[in-house]
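Here's a quick tour for anyone meeting this model for the first time. Have a look at the picture, then read on.

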Amino acid sequence: MRNPVQQAVPRGSGLSPELRQQSARAGHEQLGSLVPGAEQLPGLRSLIRESWQRSAQLHANPDNPEAPLAMDREELEEYRRQHPLAAIMPVIHKLLVLPSHDSGMLVAVGDEVGRLLWVEGDPAMQRRAEGMMFVPGADWSEATVGTSAPGTALALGRGIQISGAEHYKRSVHPWSCTAVPFHDPDSGALLGVVDITGTESAVAPHTLSLVEATVAAAQAHLRVERLQLAAARQGPPARRRAAAAVSGTASAAVTGGQARTAGTRTWASGSLYRNSLQLLGRDQAVLSLDGRTVTLSARHSEILALLSTHPEGLNAEELSALLYPRGGSTMTLRAEMVRLRKVLQQLNPDAVPESRPYRLPVDLLPDSGQVLSCLQRGAHRIALEIYRGAVLPRSEAPGISELRNRVSALLREAVLTDGSAESLLKYAELPEAQDDVGVRTAALKLLPPRSPKRAAVVADLERLEAELSA
């Protein structure tokens, strides 16, 4: 099995870089014929061809010279301060930004839906990049600008390199780029993407290895900070245990990521990262607060899910109505809240819910909210990547059932409306879609006539038809 780095390096046709560029430029003359199929473009890497096809289906405009600005300066500053990737910027600066000043490169860090949050590096290159709006606050998702390393890496969930005319947007053809998605080291949630953009050297094989190593080091850094913060709250014995764990984490980052400077002690501490609540595809939620993680009881999972989706707070009667399927007393709820407060007190006293109304004093990001946020921005592929199943599937709480149905229905609608055959087939693998005739029928219509995937879809449809007729 090839490793992820090998899979991401430009391959495909075996053509030289020059011939691949010629093929890509020729392919741009046929962009209008990419839907429903794009098999007529010889020499184009399959992942580029498929990305162009997705871009065309999403109505990305290859002739629009600029990416749209998604956030103004004030909104961007506030968002960056609160974003978990703010914690990794010291690592990114040391391992990528500082060397880029001498190599004519730009280093960009974006969020999970493809909006650029930081763009740093060579000043002359920054001025050039402004012409295509490769700037902080701009939207570089695949849905908006088409094929690019940041957006396509997020869409595929792996490191990728895009060279010159392989970009969907023609104004980006003078550029090449390498990008790697960044996942939370504890929860696995998609947090964003790290990208290097520049000339041909930006897609050298060692560039991908460098970005992969930097991401690994940054993930280790995030773990270190969380261990240190947790140990600071628990006193000297815990600090000694954390120090040993920190040493091991930093060592692993150096060895596994091949980043010689990953163990440096110059990283800043005390950076922000997001508290999370994992609800998708599990009966008991996993809560992460300040680097500490706990699996909650089913009832506590429901309470925190409801409070996280009602940041303004709920009074006892409102929360009871959303929590108990046949109506529970507020006395029962109060007893449950006492137990929940004890659990949260041990993790972080600042996170203990307030009362009258019940309200969370800290921002808590449920993964279901992350999916809804992506769907609102038209990033259904990223939403599908995050989605791991229904929200607390066995819960009968009315409020949870409503949330579960809303997330599931919106995701299905988005995939059916805008999804490629690849997205539809990925959605069909979910437990809730195992009997979904509509999704399989839509996938069959989009699959090329000679696709080897058609046989499995047809077999599934025949099975479902037989089951329904029986």
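## The chain as a whole

The protein chain has an accessible surface of about 21000 Å², and 51% of that belongs to carbon and sulfur atoms. Accessible areas here come from the Shrake-Rupley method with a 1.4 Å probe, and for residues only the protein chains shown count as cover. Of the 470 residues in the chain, 53% are buried (under 20% relative accessible area; over 50% would be exposed, and anything in between partly exposed, with a 1.4 Å probe and protein chains only).

A word on where this comes from: it's a predicted model, where local features need pLDDT of at least 70 and side-chain atom pairs count only at pLDDT 80 or more, while totals for chains, interfaces and linings use all residues. Residues are numbered from 1 along each chain as its sequence is written, and side-chain values use heavy atoms, with hydrogens and water left out.

## Helices, strands and contacts

The chain has 19 helices and nine strands. These are DSSP runs numbered from the N terminus: helices are H or I with at least four residues, strands are E with at least two. Among contacts in the chain with a separation of 6 or more, 61% are between residues 24 or more positions apart; contact means heavy atoms within 4.5 Å.

## A four-stranded sheet

Four strands make an open sheet with mixed pairing, in the order S8-S7-S6-S9. Two strands pair if DSSP finds at least two bridges between them. At the edges sit S8 (292-295) and S9 (364-366), each pairing on one side only. Neighbouring strands are turned by 20 degrees against each other on average, direction ignored.

S7 (residues 286-289) pairs with S8 in the antiparallel sense, over four bridges. Leu289 stands opposite Arg292 in S8.

## Helices across the sheet

Helix H11 (residues 298-308) lies across S6 (275-278), S7 and S9, and runs at about 125 degrees to S6. Helix H14 (residues 367-376) lies across S6 and S9, at about 70 degrees to S9. Axes are lines fitted to C-alpha atoms, for helices over the stretch in contact, and angles run from 0 to 180 degrees between N-to-C directions.

## Rings and charges

Arg115 lies over the face of Tyr79, at 5.0 Å from the ring centre. Arg128 does likewise with Trp175, at 4.7 Å from the ring centre. A charge sits over a ring if NZ of Lys or CZ of Arg is within 6 Å of the ring centre and within 35 degrees of the ring normal.
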